[in-house]
Amino acid sequence: MAKNDDLRWGSPGENAVHICVDMQRMFAETTEWKMPWLPRVLPNIVLIAEAHQDRTIFTRFIPAKKPGQGAGMWRHYYERWEAMTIDRLGAEMIDLVPDLARFVPPARIFDKHVYSPWTGSDLHLQLQSAGVDTVIITGGETDVCVLATVLGAIDWGFRVILVTDAVCGSADETHDSMMNVYLNRFGRQVECVTTETLLNSWPGSARARLVS
């Protein structure tokens, strides 16, 4: 596990946003994609979102509507995971977990059909036009959609803060390995801190809302 707990560049300040990755019912409830450790990190995500409701963006991973849909290899993906298509799951399963859905609005939702919220979207332009320079990341999974969110934020030049006790995966081994990668391989570009450290530096106050 990553052990660093230091905000190297100081307080995130007023130009930061909290991106909470894919904390949806289909990952919380009894499905083939259930993340067992989601309940452990959810209280910390709630604390961050509650303190910064108008600076929070919840991404949602939107599966194919039915088996076999999708471009290229995604079509084969949804042949394998046909139980996780919307027609099989029910549309309500793509919703945020209730503990987080209550923050929308003023928090907002950003839907994506692939792991990364930066691919095929103008998210970086939305953030840049709103003066955002720092992205605080929570959610799941540590080694899939969180990874894609972190790498995209790095590539676009945002300061990246990963909240270590507010991210989760489906397996301890890959979660722990990925946390060590964030700390060591990306140690100059990703600051790994706990929820307590983050909120002590970024406690929450009235903020200007992001441009919709």
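A residue counts as buried under 20% relative accessible area, as exposed over 50%, and as partly exposed in between. Glu79, with a relative accessible area of 39%, is therefore partly exposed. The model discussed here is predicted.

In soluble globular proteins, nonpolar side chains tend to be buried together. The largest nonpolar core of this model contains 40 residues, and those with the most contacts inside it are Met23, Met26, Trp33, Phe58, Leu100 and Leu198. At least two residues of this core come from each of strand 1 (16-21), helix 1 (25-28), helix 2 (38-51), strand 2 (56-61), helix 4 (86-89), strand 5 (159-168) and helix 9 (195-201). Helix 2 provides the largest share, seven residues. Another core, of 27 residues, lies apart from this one and includes Trp118, Val135, Ile154 and Val190.

The surroundings of Met23 can be described in detail. Leaving aside neighbours within four places in sequence, Met23 is in contact with Leu38, Val41, Leu42, Ile45, Thr59, Leu96, Val97, Leu100, Gly139 and Gly140.

Strand 1 is largely enclosed by the rest of the structure, because six of its six residues are buried. Both of its faces are covered: Ala16, His18 and Cys20 are buried on one side, and Val17, Ile19 and Val21 are buried on the other.

Strand 1 pairs in the parallel sense with strand 4 (residues 134-140) over six bridges, and Ala16 stands opposite Thr134 in strand 4. Strand 1 also pairs in the parallel sense with strand 2, over four bridges. In this second pairing, Ile19 stands opposite Ile57 in strand 2.

**Helix 3**

Helix 3 spans residues 73-80 and contains Tyr77. Tyr77 has a relative accessible area of 21% and is therefore partly exposed. When neighbours within four places in sequence are left aside, Tyr77 is in contact with Trp33 and Tyr115. The C-alpha atoms of Tyr77 and Ala101 are separated by 28 Å, the two residues being 24 residues apart along the chain.

Glu79 and Arg75 are four residues apart in helix 3, so about one helical turn separates them. Arg75, like Glu79, is partly exposed; the relative accessible area of Arg75 is 35%.

The model has eight salt bridges. One of them joins Asp95 to Arg60, with the closest N and O atoms 3.7 Å apart. This pair links distant parts of the chain, as Asp95 lies in the loop between helix 4 and helix 5 (98-101) and Arg60 in strand 2, 35 residues apart. Asp95 is partly exposed, with a relative accessible area of 32%, whereas Arg60 is buried, with a value of 13%.

The side chains of Glu191 and Arg159 form a further salt bridge, at 2.6 Å from N to O. Glu191 belongs to strand 6 (residues 190-193) and Arg159 to strand 5, so this pair ties together parts that are 32 residues apart in sequence. Glu191 is buried, with a relative accessible area of 2%, and Arg159 is buried as well, at 14%. Elsewhere, salt bridges that share partners join Arg60, Asp95 and Asp111 into one network.

Definitions and conventions:
Residues numbered from 1 in each chain as written. Predicted model: local features only at pLDDT ≥ 70, side-chain atom pairs only at ≥ 80, totals over all residues. Heavy atoms only, no water. Core = buried A, V, L, I, M, F, W, Y, C linked by side-chain atoms within 4.5 Å. Buried < 20%, exposed > 50% of the residue type's maximum accessible area, 1.4 Å probe, protein only. Contact = heavy atoms within 4.5 Å. Pairing = 2+ DSSP bridges. Salt bridge = Lys/Arg side-chain N within 4 Å of Asp/Glu carboxyl O.
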